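Please look over the structure shown below before reading on.

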Amino acid sequence: MFSRVAFSSAVVQPCRQLLAVRCAATTSSSHAAAGSAVAESPERDLTNFPRPVRAELPGKVRMGFIPDEWFTFFYKKTGVTGPYTFGVGLMTYLFSKEIYVMEHEFFTGISLAIVVALLIKKVGPGIATFADKEIDKIESGFKESRESVVRVHEEAIASEKQEQWRAEGQTLLFQAKRENVAAQLEAAYRERLMTVYNEVKRRLDYQAERENIDRRIGQKHMVSWIVSNVLKSITPQQEKESLQKCITDLKSLAKA
Amino acid sequence: MAAKRITNINIDWTALADRVPEAQRPLLAAFKAKSDGYLRRMIANPQQPPKIDWSYYTSRVPVKGMVADFQKQYDALAIPYPKDTYTSLIDAQEKEALKEIAEFVKASNARIASYEEEVKRLKSLVPFENMTMEEFFQAYPEQGFDPKKPTFWPHIPEEQPGYKGGPEAPAH
């Protein structure tokens, strides 16, 4: 019951206890790797005697400095008003028997208590939040060292998984290669077909064209040969006769 | 021989592009260019050549029996589909690649296992707020308080006795 120092937490708004670590240099990065678990002896009984956890808030107090357990100690026997009546009774006894003498410093103490209480009520919360923020900074610095390493590892795991997925995509590549080969074969086959067709067609066309040309030349030759023969066959006698006939025809025409 | 005639290349380029790492994108682009070239070459010729009009030629060509002969030979001609000697090479390559992939995956999984172990170990450590000063000194000897060799205020290296360095250090 007397283990708790009653004046340790005079701040009304509870402020978390400082992490009392004396570090020569608070570099957060150096905390990461060397954190091997402290070796526990195998005889250590962790179920019945678990590791103590650091308390974040100080113990609950009533009226600023009296621990709460002193009050709840009375509840079973006397109810809620028990501790207060006990306190009043104790104070009465102390004052009336002059065990606690009300001398000059007593009244100074009362004034001081009032001023201090007012001060704490006004300024306490602000200081409490400020101090909490500072502690948060220090604590997060420590935590960050470990968290960042964990994050790096987890990112590495994710990237490894993605590389695996990528590597497995190589089967797609081989499918693509097979398709390419098939396309090339198909292209070659089509080229062969077209070559055959073109060659056959060329020869047939050549024959057909030759036939056409033969006919054309033959026709032309025949015409010119016939004409020249006819001209040759016109003898001078025939020519004179035909000329005479033409002249008489013309005369008859001229007369008419 | 029963050859499969194809009319189109179907390769899923988007899926391939997803799987390719950034460093190898130019290679993929080159591969795609080649593949498109093959496709273009294939499409340049029709799948079946046009039919030859034999009646036209029989009426025109004077050489006796030539057209009939040609027709007989043309119809009897069976053009062989080109031999596929490369698919077996591709299959061999694929087998090799699958083996390499399996090895890579194994090594990768080993790495993943070591990372996960590391993460587990880090997560199982006592959080700093529950450590005692002794445990912290055991875990981080350079930063913890050593009761056998306490440091002088202000606990920075420059103020400790025997510090070498700084402006008073002897010039060399």
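How many residues in the lining of the second largest pocket are nonpolar, how many polar and how many charged? In this predicted model, the lining of that pocket divides by class into 11 nonpolar, 3 polar and 4 charged residues. The pocket holds about 480 Å³ of space and is lined by 18 residues, with A:Gln170, A:Leu173, B:Val20, B:Pro21 and B:Gln24 lying nearest its centre. Helices α3 (104-168) and α4 of chain A, along with α1 (13-19), α2 (25-44) and α5 (87-124) of chain B, each supply at least two residues of the lining of the second largest pocket, and it is α5(B) that gives the most, with 4 residues.

Turning to chain A as a whole, its elements comprise 5 helices and 2 strands, which run β-β-α-α-α-α-α from the N terminus on. Of the 256 residues in chain A, 20% are buried.

Helix α4 of chain A, which spans residues 170-233, also contains A:Ile226. With a relative accessibility of 43%, A:Ile226 counts as partly exposed, because this class lies between the under 20% of buried residues and the over 50% of exposed ones.

Note on methods: Residues numbered from 1 in each chain as written. Chains lettered and ligands numbered in written order. Predicted model: local features only at pLDDT ≥ 70, side-chain atom pairs only at ≥ 80, totals over all residues. Heavy atoms only, no water. Buried < 20%, exposed > 50% of the residue type's maximum accessible area, 1.4 Å probe, protein only. 1 Å grid on protein atoms, 1.4 Å probe; cavity = no way out; pocket = protein on both sides within 12 Å on 5 of 7 lines; lining within 4 Å. Points joined across faces, edges and corners; volume = space filled by probe spheres on them. Nonpolar A, V, L, I, M, F, W, Y, C, P; charged D, E, K, R; others polar.
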